[in-house]
Amino acid sequence: MPITGVYFIPSNPNASTVLATVTERLHTALADEPTLVGRWFLEHKLMRDTPSCLTASASSQQRQAQPRYMQFLSLSYHANHGFIYTSEPTSNSAPSSSQASSSSSPAAQPAGPMVMTTVPLASSNALFHHFGYACQPFWCHRHTVTVPGGAVYDVGDFRVRVGDVRQTQPTARVRGTVVEIEWRGPSLVGSIAAQTLVRKMKASSPVVAADGGDLDDAGMDMGGFFPEAVEEADVDAEYAASAALIREFWARLGIEGAREAILVPDVGKEVKEQLRQLKGERPQPVSDEKRELQMDEDPDPAAGVDSARQYMEIFRFNR
């Protein structure tokens, strides 16, 4: 699971975006020459609850100021699943200070914490249409934005994805430019995610899971990584250190007026859960029937959840 940061530079409807400037700065402002390695795209759909359908009460004004959201995101480089981000029902809708994000203004903050879920991409589309039609009185589709043809560059230890954000609904317009910066250097977080995947592979293998041997039997070298020696504070420290590297990279580009999303609420949540599982569980033999089912499942359902959270924070657009 890579560590990323997302930057969004908004633009006026009739003005050009900064995409050309960002691309030019990648080639002139950095020590390492960028290498174009591919293309990428995303689609994001924002839904919001409909306060007018609620019974009038003393708390109605507060609920309107802090609405609930449901967001659907698909990323071309995580093609096995779509991401769904929903406001968690709470009795007290006032968010705590720890739930605030630097990427959006207070008017864009959801009422309470958000919950991330990944589902097969086809199921994500089906759920969006379900809420858009069957639940229309309670949920309103606010907008859909896409990055139809972004570029992917490798720059030293970083991978950079850039592209223009275009709104397709309710009206077509350009919203701005988005830049995702991914740290690809040595990573404790990446080692935890990789070892989690190895254990899942072992659990689905009748030969490897039965012998109870070391993880290296699965054919992957974990470089001497021992989860027992890692604490959750170490994960937090790596996210903070990587965020500093990403911010330093972004600062060298000299682009003004960007909204940042890096250390957003719940970032690293799935990695910490994986670490706890690695410390407390060993792979067990499974039946042939269950093994066949696992082969059809998403091999890594947590892939991309941190960057998805960052995009979700950026794409609320104060709606």
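Student: Which residues form one aromatic cluster?
Tutor: F8, W40, Y77, Y311 and F315. Rings of Phe, Tyr and Trp (its six-membered ring) pair if their centres lie within 6.5 Å; planes under 30 degrees apart count as stacked, over 60 as edge-to-face and the rest as tilted.

Student: Before we go on, what am I looking at?
Tutor: This is a predicted model, where local features need pLDDT of at least 70, side-chain atom pairs count only at pLDDT 80 or more, and totals for chains, interfaces and linings use all residues. Residues are numbered from 1 along each chain as its sequence is written, and side-chain values use heavy atoms, with hydrogens and water left out.

Student: OK. How many aromatic pairs are there in the whole structure?
Tutor: Seven. In one of them, W40 and Y311, the ring centres are 6.4 Å apart and the planes are at 40°, so the pair is tilted. W40 lies in strand β2 (residues 35–49) and Y311 in helix α9 (residues 305–314), so the pair ties together parts that are 271 residues apart in sequence. Helices (H or I, at least four residues) and strands (E, at least two) are DSSP runs, numbered from the N terminus.

Student: Are W40 and Y311 buried or exposed?
Tutor: W40 counts as buried because its relative accessibility is 2%. Y311 is at 0%, so Y311 counts as buried too. Buried means under 20% relative accessible area, exposed over 50%, partly exposed in between (1.4 Å probe, protein chains only).

Student: What kind of pair do F158 and W183 form?
Tutor: An edge-to-face one, 5.2 Å centre to centre with 65° between the planes. F158 is in strand β7 (residues 158–169) and W183 in strand β8 (residues 173–183), 25 residues apart. Both are buried.

Student: Now the core. Which residues have the most contacts inside the largest one?
Tutor: V179, F249, Y311 and F315, in a nonpolar core of 61 residues. Helix α6 (residues 232–253) gives the largest share, seven residues. A nonpolar core is a set of buried Ala, Val, Leu, Ile, Met, Phe, Trp, Tyr and Cys residues joined through side-chain atoms within 4.5 Å.

Student: What is Y311 in contact with?
Tutor: Leaving aside neighbours within four places in sequence, Y311 is in contact with V6, W40, L42, L73, L75, Y77, V178 and E180. Contact means heavy atoms within 4.5 Å.

Student: How many residues of α9 are buried?
Tutor: Ten of its ten. Among them are D306, R309 and E313.

Student: New topic. What is the strand order in the sheet?
Tutor: β5-β4-β3-β2-β6-β7-β8-β1-β9, nine strands in an open, antiparallel sheet. Two strands pair if DSSP finds at least two bridges between them.

Student: Which strands stand at the edges?
Tutor: β5 (114–119) and β9 (259–261). Each has a single partner strand, so one side of each is left without a neighbour in the sheet.

Student: How many bridges join β2 and β3?
Tutor: Seven, in the antiparallel sense, with β3 covering residues 69–75. The partner of R48 in β3 is Y69.
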